[in-house]
Amino acid sequence: MADDGSVQLYGRLVGAEVRSAMEYPGPFAASLLTSFAIAALEVVAVAAIFSNVDELVGWSLGEVVLLTGLAQTAFHLSEVAVGQLDRLPDLVRSGRLDTYLLRPRRVLFQVVTQDVDLAALGKLAQSVAVLVVGLAAADVPFGPRSAALLVVSLVGGAVIYAAVWIATTAVTFWLIDSREVSAAFTYGGRQMSMYPLGVFAPSVRTLAHYVVPLAFTAYYPALGLTGRHDPLGAPAGLVWAGPGVAAVTMAVALAIWGTGIRAYRSTGA
Amino acid sequence: MAEGHGAGIAGSWREWSLPNVPGDGSPHVLGPVPGRAVRSDVVRVYVEVARRAFRRFATYRGATVAALFTNTVFGILLTSVVAAVVRSRGGAPIDGLDRDGLVTQIWLGQGLIGVVNIFFRTPDLTERIRAGDVVVDLYRPVDLQAWWAAVDVGRAGYEVLVRFIPPVAVGVLLFDARLPALVDVPAVVVAMVLAVAVSFGLRFLASASGFWVLDARGIERVLLTVWLFGSGMTIPLPLLPDGFEAAVRLLPFAATIQGVSDVWTGTTSPSLPVALAGQAAWAVALLAAGRAVLSRATRKVVVQGG
């Protein structure tokens with residue numbers, strides 16, 4: 001994508017968004033704080049569960065907070081990048097997508113950059129804070145291996161969530177409004193990744209590996225970081241599989257998106 | 001009249017000083033009932049509004065199917081979580097709720113979320129206030145709050161049929177959720193009606209905030225998240241530490257889902273009448289607050305639009 005200047009364009013669009021937000025620093029700070037607090041409520045819910053149990057299917061509070069931090073950070077990274085896909089149904093319904101088809105940039109690029117949501121940075125900051133607490137509480141050892149695994153996992157996780165967002169939003173090209181279906185996989189996926197896989201039935205675990213590979217966004221990275229063996233018996237090498245799985249998932253998602261664009265018929269006006 | 005004041009300054013801010021019109025039989029009639037309305041006609045208007053809202057929502061079939069899909073996905077995820085919690089306790093119940101009791105609340109919540117409309121599906125009033133169209137509504141010889149309450153009754157009635165019954169049926173048939181005891185059914189119905197009243201009260205206040213802030217959608221987003229947590233949708237409130245649970249239960253959000261679930265599962269505390277009275281108190285307080293806010297807004301308000 002770099003060859004058509006999209007990277008520079010992305011930088012300029014984000015820069016413009018930052019400058020416009022800074023015109024009203026008070027409301028911008030308020031929206032950042034609000035999204036920070038909102039994201040914190042979900043962690044409160046996870047932590048509250050441990051007022052009833054000492055461990056959840058063999059996982060301690062610290063380890064589950066680590067899972068939550070990994071899942072949320074990867075999710076919110078993808079939300080900052082492609083969260084604007086939520087607006088695709090409006091673009092299709094109003095017919096404005098037609099103008100995007102005429103411009104010399106990829107439609108996907110135009111949709112995700114139409115209005116960069118800086119308030120999502122508040123959620124990202126909150127999830128990084130949870131991640132740091134989780135790393136400490138789960139006694140993750142400092143060192144190059146942990147650092148490398150963390151970076152690889154977050155990038156892989158964010159790409160997997162972004163792919164889920166792209167693939168499920170593309171449903172809009174056939175069904176007009178995809179938001180509910182998208183939400184089931186994106187928000188539902190994040191919610192699922194916040195808990196150990198052992199919580200779920202075998203059929204759900206299978207889906208989380210082969211259909212929507214959420215197991216690679218938080219569960220395997222958390223196993224690798226804490227040095228645990230998978231109580232469900234998966235091979236240890238899967239810990240590093242995130243980026244490979246993410247690449248395959250993204251390729252499939254982009255293929256679905258491309259098929260959707262070709263199937264798109266304007267609603268007309 | 002609206003047209004007279006606004007002509008020629010399209011797209012700018014306009015200040016209106018409106019008389020307190022709703023319900024006083026104003027001669028400037030733009031609404032569906034011509035002339036001075038007598039009492040039985042007024043009731044008939046609201047019944048008709050509710051009926052039309054019911055029918056209008058019945059046209060959103062695709063959205064309903066998609067929403068049911070999402071409800072089912074979240075129902076399965078949360079069922080797994082609460083079942084794992086009880087399993088990790090060796091099966092010991094939490095605040096009187098065993099595994100099946102908690103699972104009952106999960107599927108009840110998935111069924112109720114559309115009925116009490118936490119996600120502000122079709123936020124018409126918010127949009128009409130934002131766009132300034134609400135001025136026209138205020139000139140109608142009907143009460144603005146009662147009008148939108150009637151719309152919500154029609155909407156909720158439709159959602160009970162298509163959004164409430166299917167998730168509860170899935171929960172009962174596939175995940176061992178329980179139906180309420182037969183003697184509790186009337187109380188459950190009362191609790192659900194009160195839940196809709198409380199939820200309307202909350203949403204009306206959020207929409208009405210649009211009279212003062214530029215865009216009420218930000219407030220609605222915040223409300224949505226706090227509501228999801230406070231109602232016991234994120235996790236059932238009995239799973240919270242006791243002091244925290246007591247504090248969350250003091251808020252109105254608990255009346256919309258947790259309150260119904262308590263009645264349904266027979267775990268009201270300290271007693272059923274007290275629980276229903278608490279719900280009713282919130283409904284009355286929120287509807288009264290909505291009236292107060294509306295009357296302030298209609299006396300002197302800046303309406304946006306062009």
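Predicted model: local features only at pLDDT ≥ 70, side-chain atom pairs only at ≥ 80, totals over all residues.
Helix α2 of chain A, which covers residues 25–49, has 25 residues and reaches 37 Å from its first C-alpha to its last, close to the 36 Å expected at 1.5 Å a residue; the expected span is 1.5 Å times one less than the number of residues in the helix. Helices (H or I, at least four residues) and strands (E, at least two) are DSSP runs, numbered from the N terminus. Residues are numbered from 1 along each chain as its sequence is written, and chains are lettered from A and ligands numbered from 1 in the order in which they are written.

The buried residues of α2(A) are A:S31, A:L32, A:S35, A:I38, A:A39, A:E42, A:V43, A:A45, A:V46 and A:I49. A residue is buried if 20 or more other C-beta atoms lie within 10 Å of its own, exposed if 12 or fewer, and partly exposed in between, with C-beta atoms placed from the backbone. An α-helix has 3.6 residues a turn, so residues three or four places apart point the same way. The cover over the buried residues of α2(A) includes α3 (61–82) and α7 (120–137) of chain A, together with α3 (61–88) and α9 (217–230) of chain B.

Chain A has 13 helices and zero strands. Its radius of gyration is 19 Å, close to the 18 Å that the globule rule gives for 269 residues, so chain A is as compact as a globular protein of that length; the radius is taken over C-alpha atoms, and the rule is 2.2 Å times the number of residues to the power 0.38. Along its principal axes, the C-alpha trace of chain A spans about 60 × 45 × 35 Å. Of the 269 residues of chain A, 46% count as buried. Chain B comes to 12 helices and two strands, and 44% of its 306 residues count as buried.

Two residues are in contact if their C-beta atoms, placed from the backbone, lie within 7 Å. Among contacts in chain A between residues at least 6 apart in sequence, 81% join residues at least 24 apart.

The contact between the chains takes 26 residues from chain B and 29 residues from chain A. On the side of chain B that touches chain A, the elements that give two or more residues are α3 and α9 of chain B, and the largest share, 15 residues, comes from α3(B). The residues of this side divide into 18 nonpolar, seven polar and one charged, where Ala, Val, Leu, Ile, Met, Phe, Trp, Tyr, Cys and Pro count as nonpolar, Asp, Glu, Lys and Arg as charged, and the others, Gly among them, as polar.

Not counting residues up to four places away in sequence, A:I166 touches A:V82, A:L85, A:L108, A:A253, A:L254 and A:W257.

In helix α12 of chain B (residues 272–299) lies B:L276, which counts as partly exposed because it has 19 C-beta neighbours inside 10 Å.
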